[in-house]
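Q: Please take a close look at one part of this structure, a single helix and the sheet around it. Start with the overall layout, then go in.

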Amino acid sequence: MPKVVHAPCRVLILAAVKLAVPTETIPGERRVALVPEVVARLAPTGVEVAVQSGAGTAAGFPDAAYRDKGATVASLADALQGADLVAKVQPPTPEEVASWPEGVSMVGFLQPGTHSATVEALAARRATVYSLDLLPRISRAQSMDALSSQATVSGYRAVLDAAELLPKFFPLLMTAAGTVPPAKVLVIGAGVAGLQAIATARRLGAQVRAYDVRAAAKEEVESLGATFVELPLETQEGSGGYAREQSEDFLARQRELLGREVAASDVLITTAAIPGRKAPVIVTRAMIEQMEPGAAVVDMAADGGGNCEPTEAGRDVVVGEGVVVRGMSNPPSSMPAHASFLYARNIANFLGLIVSDGNLSPDFDDEVVAGTCVVRAGEVVNAAAREALGLPPLPAATPAPTAPAAPAGNDQEKPQ
Ligand SMILES: NC(=O)c1ccc[n+]([C@@H]2O[C@H](COP(=O)([O-])OP(=O)(O)OC[C@H]3O[C@@H](n4cnc5c(N)ncnc54)[C@H](O)[C@@H]3O)[C@@H](O)[C@H]2O)c1
């Protein structure tokens with residue numbers, strides 16, 4: 001039975017969609033899927049939000065802030081009671097899913113290829129699941145692109161970590177006592193996170209160089225005022241604007257050519273990832289040993305195995321004569337307020353596609369909805385998830401989305 005609610009903007013609406021926001025349970029995860037500001041934005045669209053008490057605390061959003069914006073704050077069981085939708089950041093565990101309502105929908109990062117038990121549990125609940133890490137990276141979907149929004153946070157944070165580790169200034173300083181040269185920063189991997197790292201290091205006044213295996217990255221790097229490192233290697237472009245997986249021969253030649261660039265840097269930031277695969281090892285221990293004592297390395301690919309040989313996720317490792325290698329683990333969680341703010345906006349924009357007049361009404365002919373859907377009313381429809389579960393491929397006529405489609409730009413800021 002639809003409930004009559006008063007939205008903060010005092011519009012009388014029939015709210016038919018109940019959205020539950022549980023507390024994230026993965027250790028160290030401080031983000032929350034929805035922030036109070038977005039609760040208020042959703043109310044006029046007929047989405048009534050129930051937040052688990054304490055869900056936003058670690059991100060800086062107390063229960064009272066949600067209540068002020070019109071959300072219900074309740075125990076987990078009460079928040080989930082009668083929920084039509086659940087919003088999450090991290091993939092839920094199968095145990096969490098077991099207490100969700102039958103037939104519920106979910107929006108969040110599911111990483112279905114590596115979370116088969118959760119996919120199975122969601123299918124058993126006859127759920128419909130949208131995984132934002134599968135969102136087609138087309139222009140129309142940019143406002144929902146949670147991978148990009150979170151990568152932006154990571155790139156910014158990586159530079160702050162490097163600046164904290166480095167026993168030197170980033171900017172050129174001309175003082176009465178003498179002139180301090182700017183720090184030399186090398187960024188390997190110039191996707192969304194790498195470009196944000198470049199922009200942030202430039203703002204701090206460092207001299208920045210960057211390298212990527214995709215030819216298109218050169219123009220983007222230069223537009224941010226950094227120098228693109230050209231190596232005599234073939235480009236490694238795969239489908240959808242991503243890098244393809246590189247051969248060991250290519251990586252060996254790349255390491256040899258990058259050695260001098262790494263040795264000449266005060267700071268090395270690595271961001272190179274291949275979607276769905278282990279991160280390529282681009283920088284060896286021997287290369288890092290050639291850096292000056294006190295140099296700082298921040299590896300943003302640590303959770304995917306790391307781009308640097310000595311990297312350990314979530315730890316600082318000292319290499320050679322005092323070079324610190326930081327393996328960033330879950331970097332967006334270290335800036336949970338703005339990471340959650342951007343993520344919540346991505347969720348709200350996605351809900352614009354599947355909620356209409358207070359009803360859940362997804363259009364599975366829409367490539368963004370279909371491309372993101374992993375489980376539909378209990379049927380696993382994502383090809384990679386089916387393969388991981390040992391299920392046969394669906395007939396061609398049924399949408400069976402795989403990788404994100406071709407990108408059409410990105411949401412990086414450009415220099416003024
Ligand atoms: N909505 C959109 O249109 C949209 C949104 C986001 C990103 N994009 C584009 O998608 C592409 C991938 O971006 P991403 O941030 O998701 O990338 P990513 O996180 O998959 O990888 C980070 C970067 O590492 C690079 N890389 C991989 N192996 C490397 C190696 N051995 N050496 C050096 N660099 C290596 C990749 O080329 C990429 O630029 C980019 O072209 C980006 O501009 C488009």
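A: The domain assignment of the chain gives domain 1 (3–144 + 335–388) and domain 2 (152–334). These bounds come from an automatic or database domain assignment. This is a predicted model: local features need pLDDT of at least 70, side-chain atom pairs count only at pLDDT 80 or more, and totals for chains, interfaces and linings use all residues. Residues are numbered from 1 along each chain as its sequence is written.

The C-alpha centres of domain 1 and domain 2 lie 34 Å apart. Across the boundary, 10 residues of domain 1 are in contact with eight residues of domain 2. Contact requires that the C-beta atoms of two residues, placed from the backbone, lie within 7 Å. On the side of domain 1 that touches domain 2 there are three nonpolar, three polar and four charged residues. Here Ala, Val, Leu, Ile, Met, Phe, Trp, Tyr, Cys and Pro count as nonpolar, Asp, Glu, Lys and Arg as charged, and the others, Gly among them, as polar.

Now the helix. H7 covers residues 192–203. Helices (H or I, at least four residues) and strands (E, at least two) are DSSP runs, numbered from the N terminus. The 12 residues of H7 should span 16 Å at 1.5 Å a residue, and the end C-alpha atoms are 17 Å apart, which agrees. The expected span is 1.5 Å times one less than the number of residues.

H7 is largely enclosed by the rest of the structure, because 10 of its 12 residues are buried. A residue is buried if 20 or more other C-beta atoms lie within 10 Å of its own, exposed if 12 or fewer, and partly exposed in between, with C-beta atoms placed from the backbone. The buried residues of H7 are Val192, Ala193, Gly194, Leu195, Gln196, Ala197, Ile198, Ala199, Thr200 and Ala201. What covers them includes helix H6 (146–165), helix H8 (217–223), and strands E11 (184–188), E12 (207–211) and E14 (267–270). After H7 comes Gly205, with a positive phi near 95°.

Next, the sheet. Seven strands form an open sheet in the order E13-E12-E11-E14-E15-E17-E16, with mixed pairing. Two strands pair if DSSP finds at least two bridges between them. Strand E13 (227–228) and strand E16 (316–319) stand at the edges, each with a single partner strand, so one side of each is left without a neighbour in the sheet.

H7 lies across E11, E12 and E14, and runs at about 165° to E12. H6 lies across E14, E15 and E17, at about 155° to E15. Axes are lines fitted to C-alpha atoms, for helices over the stretch in contact, and angles run from 0 to 180 degrees between N-to-C directions.

Follow the sheet on to E15 and E17. Four bridges join strand E15 (residues 296–299) to strand E17 (residues 323–327), and the two run parallel. Ala296 stands opposite Val324 in E17.

Val325 also lies in strand E17. Val325 counts as buried because it has 29 C-beta neighbours inside 10 Å. Leaving aside neighbours within four places in sequence, Val325 is in contact with Ile288, Val297, Asp299, Cys308, Pro310, Thr311, Val317 and Val319. Val325 and Tyr156 are 169 residues apart in sequence and 17 Å apart in space, C-alpha to C-alpha.
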